[in-house]
Amino acid sequence: MGKHLLEVKNLKKTYPLRGTSNKLFAPKEHMIAVNDMSFYIEEGEIYGLVGESGCGKSTTGRAIVGLNKMDSGEILYNGKDLCKLSDREFRPLRKDLQMVFQDTLSALNPRGRIGDILEETLIIHGMGDAAKRRETVLEILQKVGLSEEHYFRYPHELSGGQVQRLGIAGALIIQPKLIVCDEPVSALDVSIQAQILNMLMDLQKELRISLLFISHDIGVVRYISDRVGVMYLGSMMEEAGTEELFENPLHPYTKALFAAAPDPYIQRREVAALNGEQPVRTEKFAGCAFCTRCPYATEKCRQEEPKLRDVKSGHKVACHLAE
Ligand code: SF4
């Protein structure tokens with residue numbers, strides 16, 4: 001087992017639900033977006049976080065890079081709990097913890113040339129003089145498969161795949177320790193997806209950084225990750241090394257995700273594909289988060305929330321019937 005780069009412990013995030021009380025001072029109901037999430041990421045590891053849209057993956061990822069404040073829990077990095085830091089205290093750590101978004105284009109200055117956008121990141125972090133910065137920008141453009149010619153172009157002149165390459169360049173240029181990649185290839189064609197994933201994997205190995213790779217696409221997560229966490233309704237349902245998880249999925253939700261996946265290399269299990277919608281989880285919700293959709297749910301499942309526990313070395317499951 002490698003050294004832990006970052007550790008997430010019992011993270012919780014709720015949002016008030018609109019219209020749950022029409023009395024002025026009555027307490028509002030809260031939707032639980034992230035519930036008791038715990039996992040770690042090793043140095044030089046790609047950790048995949050997978051689950052349907054709205055399950056809390058992005059909320060968790062954004063908390064790690066300081067974009068979301070959580071209600072409770074810890075994010076331990078370099079001996080510090082990121083959840084307890086003020087914006088000012090967090091600022092020096094931004095260099096280490098970067099993010100790549102699904103919609104990179106909307107986060108870029110449309111009037112800035114690509115070279116200037118990347119150079120500005122270096123200026124913000126006080127890295128290099130003008131000559132060194134230009135050299136660094138040209139180097140990173142080449143690393144992500146863009147060229148010197150792109151230096152003077154505007155973001156809107158790039159294709160979808162090139163924009164995501166630029167987003168990755170923007171994260172990599174300040175030499176981070178961890179990049180949270182939030183659905184970075186979801187909007188791209190399959191062939192472009194493969195190119196971007198291969199590039200990310202090569203760069204991750206070369207630069208020895210860690211990735212938290214967030215996606216709803218189980219096939220993509222399987223392809224890129226060393227270990228995988230499966231999330232449902234804010235909670236971790238199952239976690240294992242990629243090979244172990246795909247050879248031996250134990251949680252009914254993981255099996256249902258596999259059954260629904262279009263990827264022909266993912267083994268189908270004897271379980272029906274997911275039916276129905278994810279319910280809204282509030283403080284009133286008791287029992288297993290998956291019990292409203294699980295074909296095996298018992299009375300115990302409806303009463304008692306199963307703990308995420310080791311069923312074999314490195315393979316954790318939150319299900320009463322896992323054994
Ligand atoms: Fe299904 Fe019960 Fe397991 Fe939850 S605890 S996944 S409801 S069998």
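The model is a predicted one. The domain assignment divides the chain into domain 1, made up of residues 4-21, 28-96 and 176-273, and domain 2, made up of residues 107-175. The centres of domain 1 and domain 2, taken over C-alpha atoms, lie 26 Å apart.

**Extent of the domain interface**

- Contact between the domains involves 16 residues of domain 1 and 13 residues of domain 2.
- About 1,300 Å² is buried between domain 1 and domain 2, and carbon and sulfur atoms account for 71% of this area.
- Of the area that domain 1 buries against domain 2, 39% comes from Lys95, Pro176 and Met199, which is more than any other three residues supply.

**Polar and charged pairs across the interface**

- One salt bridge is counted between domain 1 and domain 2.
- Lys143 and Glu206 form a salt bridge in which the closest N and O atoms are 2.7 Å apart.
- Four residue pairs are in polar contact between domain 1 and domain 2, with both residues of each pair at pLDDT 80 or more.

**Composition of the domain 1 side**

- Helix H6 (residues 190-207) contributes eight residues to the side of domain 1 that touches domain 2, the most of any element.
- Sorted by class, this side of domain 1 has 11 nonpolar residues, four charged residues and one polar residue.

**Thr121 in helix H3**

- Thr121 belongs to helix H3, which covers residues 114-124.
- The relative accessibility of Thr121 is 18%, so Thr121 counts as buried, the cut-off being under 20%.
- The side chain of Thr121 comes to 3.3 Å from the backbone oxygen of Ile117.
- Beyond its neighbours within four places in sequence, Thr121 is in contact with Gly170, Ile173 and Ile174.

**Gly170 in helix H5**

- Gly170 is located in helix H5, which covers residues 160-172.
- Gly170 is also buried, because its relative accessible area is 18%, against a cut-off of under 20%.
- When neighbours within four places in sequence are set aside, the contacts of Gly170 are Gln98, Leu118 and Thr121.
- Gly170 and Val100 are 70 residues apart along the chain, and 8.3 Å separates their C-alpha atoms.

**Link between the two residues**

- Thr121 of helix H3 and Gly170 of helix H5 are in contact with each other.

Definitions and conventions
Residues are numbered from 1 along each chain as its sequence is written. Side-chain values use heavy atoms; hydrogens and water are left out. Domain bounds come from an automatic or database domain assignment. Contact means heavy atoms within 4.5 Å. Buried area is the accessible area (1.4 Å probe) that two parts lose on being put together, summed over both. A salt bridge is a side-chain nitrogen of Lys or Arg within 4 Å of a carboxyl oxygen of Asp or Glu. A polar contact is a pair of N or O atoms within 3.5 Å; within protein, one must be able to donate a hydrogen and the other to accept it, and residues adjacent in sequence count only if both atoms are side-chain atoms. Helices (H or I, at least four residues) and strands (E, at least two) are DSSP runs, numbered from the N terminus. Ala, Val, Leu, Ile, Met, Phe, Trp, Tyr, Cys and Pro count as nonpolar, Asp, Glu, Lys and Arg as charged, and the others, Gly among them, as polar. Buried means under 20% relative accessible area, exposed over 50%, partly exposed in between (1.4 Å probe, protein chains only).
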